[in-house]
Amino acid sequence: MKRPLIYTLAFLVFLSLNLQTSNAAEVIELKIKDHKFDPEIVKVPAGKKIKLKVINLDPTPEEFESYDLNREKIIGGNKTGIVFIGPLKPGKYGFFGEFNPETAQGVVIAE
Amino acid sequence: MLGSFVIVFREVLEAAIIIGVVLAATKGVPKRNQFIGAGVAVGILLSVVLAFFTDNITDSLEGMGQEVLNAAIMLSAAALIGWAVVWFKVHAKEVIAKAKDVGKKVSEGISPLHMLTIVVGLSVLREGAETVLFLYGIAANPTVSVASIFSGGVFGLIAGTIVGFLIYLGLIQFSTKHFFVITSWLLTFLAAGMAAQAAKFLSAVDKLPALVETMWDSSWLLAEDGVIGQFLHILVGYSAKPSGIMVLFYVATLCIIIGFMKLEAGRKQWKKS
């Protein structure tokens, strides 16, 4: 009965060895201030990997979340977090701040 | 109050659904309540600690600490659930035949109960830490009264717990024969969903390629942020716009667990003859 675990662990080790590291990605800044994103419309080039630098200028934590981009990341008060997105097909991808969804709404437009 | 209700409910729901399924799957196992109760308690305690260290974790591993930790938690939970499901499959007949003997077996050594207790602890830890951070965030807002945050949080906790309890009650209605099949499948899908979440976190820090950014878009049919979408997201890992790597992890987990179930069941058959 120990076998499944051993195989699973071996699989995970195999996976971790295969982790790929990023190629140079374009950096785009996104600020959070007063529980709002700035800018609320983030234009990015389609087909490219983007490094989204989310800068939280509020003293309280926020969670950057997007169902369209499959991302969620907590960014502490007065902290900066990195979220990799793309390469994206042209289109609109909504995102929001899960801790303040009434005000923190935004969209990534890939073109 | 509504804000704190919604978020606490959502976080509690995620842990409560997992606890509900685990409680059903371990029905009749001696000391089950003590174990799962301890899992919840330790999870809550550690979640406060985890919330406190969030910034340190986020800054660790070149800013990837949070995603790597989340992925590690999800993958461990998926592996533990997988192991428990395989154990159930191998011992299912004995469990049905003589529940008392199995009770003895389960309490000796490492058993699915131990595995699933850790799973419960891990899910409470993850959801609890987010809840603490969120409550801290709104508590720092001077325009919101502490009483309204508190009442929203308490209602959220109660509502989430009720849903978890209803799932438990629903599951234990099934006859013993179907019961094992149903809980095993539920646990298998739960594990697959967790593995897909882990893949999501690892591709967010560019440690795994997304493969395909959006495999399909079923948000027109069932939005992920709706009530049913959220529910299915937690229970079976539903995603309206999954990436390729998420689908791959999901399917791979299903195949691994089902493969081991067949393998172990086959080996047991072979030993007997």
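A: This is a predicted model. In chain A, 43% of the 111 residues are buried.

Q: What makes a residue of chain A count as buried?
A: A residue is buried if 20 or more other C-beta atoms lie within 10 Å of its own.

Q: Why is Ser145(B) called exposed?
A: The count for Ser145(B) is 12 other C-beta atoms within 10 Å. A residue is exposed if the count is 12 or fewer, so Ser145(B) is exposed.

Q: Where is Ser145(B) found, and how far is Ser145(B) from Leu157(B) in space?
A: Ser145(B) sits in the loop between H6 and H7 of chain B. Ser145(B) and Leu157(B) are twelve residues apart in sequence, and their C-alpha atoms are 19 Å apart.

Q: What is used to describe two packed helices?
A: The angle between their axes and the distance between the axes are used.

Q: Why are H6(B) and H7(B) called roughly antiparallel?
A: H6(B) and helix H7 (residues 146–171) of chain B pack at an angle of about 155°, with their axes 10 Å apart. Angles over 145 degrees count as roughly antiparallel, so H6(B) and H7(B) are given that name. H6(B) passes H7(B) in a right-handed crossing.

Q: Which residues make the contact of H6(B) with H7(B)?
A: Leu135(B), Ile138(B) and Ala139(B) come from H6(B), while Val146(B), Ile149(B) and Gly153(B) come from H7(B). By class, five are nonpolar, one is polar and none is charged.

Q: Which residues of H1(B) and H9(B) meet?
A: Arg10(B), Leu13(B), Glu14(B) and Ile17(B) in H1(B) meet Gln230(B), Ile234(B) and Leu235(B) in H9(B). This contact has four nonpolar, one polar and two charged residues.

Q: What makes a set of residues a nonpolar core, and how many residues has the largest nonpolar core here?
A: The members are buried residues of nonpolar kinds, joined through C-beta atoms within 7 Å. The largest such core has 101 residues, and Val21(B), Ile81(B) and Val119(B) are among those with the most contacts inside it. Helix H1 (residues 2–25) of chain B supplies the largest share of this core, 16 residues. Leaving out residues up to four places away in sequence, Val119(B) touches Ile18(B), Val22(B), Ala77(B), Leu80(B) and Ile81(B).

Q: How many residues does each chain give to the contact between chain A and chain B?
A: Chain B gives 31 residues and chain A gives 28 residues. On the side of chain B that touches chain A, H4(B) gives the most, with seven residues. The residues of that side of chain B divide into 16 nonpolar, seven polar and eight charged.

Methods: Residues numbered from 1 in each chain as written. Chains lettered and ligands numbered in written order. Predicted model: local features only at pLDDT ≥ 70, side-chain atom pairs only at ≥ 80, totals over all residues. Contact = placed C-beta atoms within 7 Å. Helix = DSSP H or I, 4+ residues; strand = E, 2+ residues; numbered from the N terminus. Nonpolar A, V, L, I, M, F, W, Y, C, P; charged D, E, K, R; others polar. Axes fitted to C-alpha atoms, helices over the stretch in contact; angles between N-to-C directions. Parallel < 35°, antiparallel > 145°, perpendicular 65-115°, else oblique. Left-handed = near helix turned anticlockwise from the far one by under 90°.
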